[in-house]
Amino acid sequence: MLLRTAPHALQAGVADSPTGTDSSSSSSSELLSQRVKGNEQLITGQLSNGLRYVLQPNRTPPQRFEAHLEVHAGSVDEREHEQGVAHLVEHVTFLGSKRRESLLGTGARANAYTDFHHTVFHVHAPLTNCITGTPMLPQVGASVFARVVLAAAGVVQGCRARRAVLAACVG
């Protein structure tokens, strides 16, 4: 990973230089070529279906974990006549889902958001379900996030089918 920084951060050092000259061009190229040491605690990998993952130990708060599912699709991927579809998919697949409701009362918090480039689903939960006494990670991974992925595929297919029907009726 290469370190990237904003130009203004580099320029701020110019006025503070002892000579007052612009030494930012040489120092910025040196800075940008430096390798940033990675976090040795990160575990990364890729599943056979192409899903990439990153695991990082979470000591604070104790006995809790966070799970984030980041989909690299957002409102920038919409055409003009599709505006709002990414946000709709977020709501249909997660916020109103029965699987998300299954987290109620367990001490978990779940939410989602859509921006220009991403749709992110996240859950903050205790390690153990306080109702059933079972581990929460499998419940979140298999029940909640897996359903999000499957539901999103169904919604997209449904939208394509609806557009095909509308095109046939108009055409």
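Here are some notes on this predicted model, point by point.

1. Ground rules. Numbering starts from 1 along each chain as its sequence is written, and side-chain values use heavy atoms, with hydrogens and water left out. Since this is a predicted model, local features need pLDDT of at least 70 and side-chain atom pairs count only at pLDDT 80 or more, while totals for chains, interfaces and linings use all residues.

2. Confidence. The protein chain averages a pLDDT of 73 (pLDDT being the predictor's confidence in each residue, from 0 to 100), and 67% of the residues score at least 70. Contact here means heavy atoms within 4.5 Å.

3. Overall layout. The protein chain has 5 helices and 5 strands, running α-α-β-β-β-α-α-β-β-α from the N terminus. Helices (H or I, at least four residues) and strands (E, at least two) are DSSP runs, numbered from the N terminus. Among contacts between residues at least 6 apart in sequence, 57% join residues at least 24 apart.

4. Surface totals. Of the 171 residues, 22% count as buried; buried means under 20% relative accessible area, exposed over 50%, and partly exposed in between (1.4 Å probe, protein chains only). The accessible surface of the protein chain comes to about 12100 Å², with 58% of that belonging to carbon and sulfur atoms. Areas come from the Shrake-Rupley method with a 1.4 Å probe, and for residues only the protein chains shown count as cover.

5. The nonpolar patch. I43, L47, L51, Y53 and L55 make a nonpolar surface patch of about 440 Å². Patches take residues with over 30% relative accessible area and no salt bridge, joining like charges within 9 Å and nonpolar side chains (Val, Leu, Ile, Met, Phe, Trp, Tyr) within 5 Å. One of the patch members, Y53, sits in strand β2 (residues 52–55). Y53 counts as partly exposed because its relative accessible area is 33%.

6. Salt bridges. There are 2 in the structure, where the criterion is a side-chain nitrogen of Lys or Arg within 4 Å of a carboxyl oxygen of Asp or Glu. One pairs K37 with E40 at 3.5 Å, N to O. K37 is exposed at 67% relative accessibility, and E40 is exposed at 68%. Another pairs E82 with R79 at 3.9 Å, N to O. There, E82 is buried at 12% relative accessibility, whereas R79 is exposed at 56%.

7. T106 and its surroundings. T106 is in the loop between α4 (98–101) and β4 (109–114), and it counts as buried because its relative accessibility is 2%. Its side chain reaches the backbone oxygen of L103 at 2.5 Å and the backbone nitrogen of A108 at 3.4 Å. Leaving aside neighbours within four places in sequence, T106 is in contact with P126, N129, C130, I131 and M136.

8. Q139 and N129. N129, one of the residues in contact with T106, also has a side-chain polar contact with the side chain of Q139 (3.1 Å). A polar contact is a pair of N or O atoms within 3.5 Å; within protein, one must be able to donate a hydrogen and the other to accept it, and residues adjacent in sequence count only if both atoms are side-chain atoms. Q139 is found in helix α5 (residues 136–170) and is buried, with a relative accessible area of 16%.

9. H68. This histidine lies in strand β3 (residues 64–71) and is partly exposed at 47% relative accessibility. A polar contact of 3.1 Å joins the side chains of H68 and E66. Not counting residues up to four places away in sequence, H68 touches V120, F121, H122, H124 and F145. H68 and H124 are 56 residues apart in sequence, but 8.8 Å apart in space, C-alpha to C-alpha.

10. Backbone in the β2–β3 loop. Most residues other than glycine have a negative phi, and most peptide bonds are trans. Where does the cis bond sit? The peptide bond from T60 to P61 is cis, with omega near -5°, and P61 is in the loop between β2 and β3. Q63 lies in the loop between β2 and β3 too, with phi near 60°, a positive value in a residue other than glycine. Q63 is exposed, at a relative accessible area of 59%.
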